[in-house]
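Good morning, colleagues. Today I would like to walk you through a single protein chain, from its overall build to a few individual residues. Please have the sequence and the structure in view.

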Amino acid sequence: MAPNEFNVTNARSHFPSLNSGYIFADNAGGSQAAKETIDRIYDYLVNTNVQLGADYSVSVDATRRVMVEGPTEAAKLFNAQSPDEIVFGSSSTLNLENLARGLENGIQPGDEFIITGEHEANAGPWKKLANRRNAIIKVWNPRPLNPENPYSVSLQIDDLLPLVTNKTRIVAFTACSNILGTIVPVKEVVQAVRADARAKGAKKVEISIDCVAYAPHRRIDVQDWDVDFCVFSFYKVYGPHISALYVRFSVLQNSVTTLAHHFLKVDNTSYKLEPGGPGYELVYGTTGVVPYLLSLTPANDLQATWDAIAQHEQTLVAPLLQYLTDPKQWARGIRVVGEESINLTRAPTICFVIVGDRAIKSKDVVKIFDEKGGIGIRYGHFYAYTLVDDLRPKLDIDDGVVRISLVHYNTVKEVKRIIEILDEILA
């Protein structure tokens, strides 16, 4: 095998749940857990399920697993400089809410936040912080790429830079939309924002990246990206229901005020994770995600793994998007929500609506998939309320869009089955 060769059969062998024959195609809501994760959770609960921070031997071992091994594994997935830059919480929403509260003392009236109107985990905490501190919210909105399809929206850098002024304080955007599936060129965006902010005289700009929908598909690199904050959820990357937040060490020293519970604890030399707070019992030492990912290619290298995953996922994206954008399906009323192109800027998170004279509610499409095909997909706004509500022509926000979200353990055979069910629905 080549160093970066990917074998989907090998990948699937790590997921006991896939043996059921059910097709899991709602992975953007939560992936299946790898055996490595399941084994570590079991081992932790059997052998070290005690309160952290005590002096007796079992607690010392539990504390090491949670406080050292857990952050070390997460730091590898972020490519963070140090495990001391890692914070755990029970969800990415909680992590970003805690971060926003930790930054509160440094926010002045009139400061400007630029956000994307996508998942509320990324948008909500900044909106509430702005309200508490009389700051101003600006939204970097997506725009259609295909003039014939008003739902073919995507974020464009040219629409972001005019929002930057000398009052810009926080820029928070998604690395991949959980609706649109577009991979945002984070490094390029960050470089452009920082250069434009400097030229316009902004004194302090901190950048936060929501990688919840990105982390299952591509490698995060906070150092190369030059970002201050970054978050993802392990339960969407084949691990337990826990979130990891990266906070740049220099920002910890200069911007973040300690919260009274599980966020950060300061000593004379560094910032340390505080044991015993909500969510820490979910770390279970190492989560097993890194060992699983390293097992997927002979190279035993994370970058090789992510490259191989990206290439395999294109074999899933191509047939599904080709079907959905075929002139026959267009005439039937299918409109892809997001980019319609098939390339590495597209994750296999694909949304659509069925409009026109023979429109079908998104809810009804999902119901048929489960009943006829044994396939789990989902409908709705997926907490990207602002994005879906702003689409025109207007959609029913409660019905939202149909979302088929795949990951590397899905197969081309499963995609073909999805297309077969769609054919039955559209007949």
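Let me begin with the contact pattern. Of the contacts in the protein chain between residues at least 6 apart in sequence, 68% join residues at least 24 apart, a contact being heavy atoms within 4.5 Å.

Two remarks on conventions. This is a predicted model, in which local features need pLDDT of at least 70 and side-chain atom pairs count only at pLDDT 80 or more, while totals for chains, interfaces and linings use all residues. Residues are numbered from 1 along each chain as its sequence is written, and side-chain values use heavy atoms, with hydrogens and water left out.

On confidence, pLDDT is the predictor's confidence in each residue, from 0 to 100. Its mean over the protein chain is 91, and 93% of the residues reach 70 or more. Over residues 260-284, however, the pLDDT is below 50, and this stretch has 69 contacts in the model beyond near neighbours in sequence.

Turning to the overall build, the protein chain holds 15 helices and 17 strands; these are DSSP runs, with helices being H or I of at least four residues and strands E of at least two, numbered from the N terminus. The radius of gyration is 22 Å, close to the 22 Å that the globule rule gives for 427 residues, so the chain is as compact as a globular protein of that length. That radius is taken over C-alpha atoms, and the rule is 2.2 Å times the number of residues to the power 0.38. The C-alpha trace spans about 65 × 55 × 40 Å along its principal axes.

How much of the chain is buried? Buried residues make up 56% of the 427, where buried means under 20% relative accessible area, exposed over 50%, and partly exposed in between, with a 1.4 Å probe and protein chains only.

Helix α4, residues 92-102, illustrates such burial: eight of its eleven residues are buried. Among them are N95, L96, L99 and A100. The cover over the buried residues of α4 includes strands β2 (86-89), β8 (206-210), β9 and β10, together with helix α5 (120-133).

Y238 has a phi near 70°, a positive value in a residue other than glycine, and Y238 is buried, with a relative accessible area of 0%.

Y238 is also one of the residues touched by Q32, alongside F15, S17, L18, F24, N27 and Y409, not counting residues up to four places away in sequence. Q32 belongs to the loop between β1 (23-24) and α2 (35-47) and counts as buried at 17% relative accessibility. By C-alpha positions, Q32 and S250 are 35 Å apart in space and 218 residues apart in sequence.

Is N300 buried or exposed? At 53% relative accessibility, N300 counts as exposed. N300 sits in the loop between α10 (289-294) and α11 (302-324), and its phi is near 55°, again a positive value in a residue other than glycine.

Finally, a backbone detail: the peptide bond from R392 to P393 is cis, with omega near 0°. P393 lies in the loop between α14 (385-390) and β17 (401-405).
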